[in-house]
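Dear colleague,

Please find below the structure that I am handing over to you.

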Amino acid sequence: MIIDAQALLSSSQALVASAASTNVYDASSEREIGIGEPLCVVVVTKVAAKVAVTDETYQVDVQVDAADTFGSPRTVASRAFTNAQAAAELTLGSRLILDLPADVAGNERCVRLYYTLGGALPTWTVTSFIVPRSFVEAFVTYPDAITIA
């Protein structure tokens with residue numbers, strides 16, 4: 001799948017605490033990004049979420065705001081994981097799909113993800129991006145099987 005660099009929100013972002021995605025999608029003056037073909041955010045697990053201590057929790061929020069500083073973000077889509085859910089669903093190569101509402105930006109200009117990690121020692125590495133929903137049906141992720149000796 002070809003991913004637009006401007007729609008890439010996180011690129012192998014290693015999370016060890018709650019944090020925003022490293023990149024922000026800026027809709028500029030074209031704010032009707034949800035009109036037409038449905039969009040979604042895909043979060044691909046590059047390193048499985050740590051669940052060793054049994055109290056780790058994970059949450060992904062899609063946020064929008066009028067400025068890229070996100071002084072007053074509004075959440076438009078969200079998914080939370082308990083420790084048991086993270087162990088089953090946030091495994092190497094897994095993908096999380098968050099559908100964006102048709103009026104995702106509304107009067108807002110910027111879109112980002114916010115990852116909330118809880119518990120003693122949570123860690124998770126992800127790549128995330130915005131794509132049309134129809135792209136996701138045929139998209140398959142595989143764990144890297146490259147070994148360099």
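**Findings**

Strand 4 and strand 7 run antiparallel and are joined by five bridges; two strands are taken to pair if DSSP finds at least two bridges between them. Within this pairing, Val44 stands opposite Arg95 of strand 7.

The model is a predicted one, in which local features need pLDDT of at least 70 and side-chain atom pairs count only at pLDDT 80 or more, while totals for chains, interfaces and linings use all residues. Residues are numbered from 1 along each chain as its sequence is written, and side-chain values use heavy atoms, with hydrogens and water left out.

**Overall organisation**

The chain holds two helices and nine strands, where helices (H or I, at least four residues) and strands (E, at least two) are DSSP runs numbered from the N terminus. Read from the N terminus, the order of elements is β-β-β-β-β-β-α-β-β-β-α. The chain has 149 residues, of which 40% count as buried; buried means under 20% relative accessible area, exposed over 50%, and partly exposed in between, with a 1.4 Å probe and protein chains only. Among contacts (heavy atoms within 4.5 Å) with a separation of 6 or more, 78% come from residues 24 or more positions apart.

A nonpolar core is a set of buried Ala, Val, Leu, Ile, Met, Phe, Trp, Tyr and Cys residues joined through side-chain atoms within 4.5 Å. The largest such core has 26 residues, and Val41, Val62 and Trp124 touch the most other members. At least two residues of this core are supplied by each of strand 1 (8-15), strand 4 (39-47), strand 5, strand 6 (74-81), strand 7 (95-99), strand 8 (110-118) and strand 9 (124-132). A second, separate core consists of six residues, including Val44, Phe129, Val131 and Val136.

Not counting residues up to four places away in sequence, the residues touched by Trp124 include Leu15, Val43, Val60, Leu90 and Tyr115. Thr125 is also in strand 9, and it counts as buried because its relative accessibility is 13%. With neighbours within four places left aside, Thr125 is in contact with Ser12, Gln13, Ala14, Val44, Thr45, Lys46 and Val47.

**Salt bridges**

Side chains of opposite charge can pair when their charged atoms come close. A search of the whole structure finds three salt bridges, each defined as a side-chain nitrogen of Lys or Arg within 4 Å of a carboxyl oxygen of Asp or Glu.

- Asp26 and Arg109 meet through their side chains at 2.7 Å, N to O. Asp26 lies in strand 3 (residues 25-26) and Arg109 in the loop between strand 7 and strand 8, so the pair ties together parts 83 residues apart in sequence. Asp26 is partly exposed at 33% relative accessible area, and Arg109 is partly exposed at 32%.
- Glu89 and Arg79 form a salt bridge at 2.9 Å, N to O. Glu89 belongs to helix 1 (residues 83-89) and Arg79 to strand 6, so the parts tied together are ten residues apart in sequence.
- Arg133 and Asp99 form a salt bridge at 2.7 Å, N to O. Arg133 is in helix 2 (residues 133-136) and Asp99 in strand 7, so this pair ties together parts that are 34 residues apart in sequence. Arg133 counts as partly exposed at 25% relative accessibility, and Asp99 is partly exposed at 44%.

**Asp61, a buried charge**

Asp61 is located in strand 5 (residues 57-65). Asp61 is buried yet has no salt bridge, and Arg112, the nearest side chain of opposite charge, is 8.5 Å away; here Lys and Arg count as positive and Asp and Glu as negative, while His and the chain ends are not counted. The side chain of Asp61 does make a polar contact of 2.9 Å with that of Gln59. A polar contact is a pair of N or O atoms within 3.5 Å; within protein, one must be able to donate a hydrogen and the other to accept it, and residues adjacent in sequence count only if both atoms are side-chain atoms. Beyond its neighbours within four places in sequence, Asp61 is in contact with Thr75, Ala77, Ser78, Arg112, Leu113, Tyr114 and Thr116.

Yours sincerely
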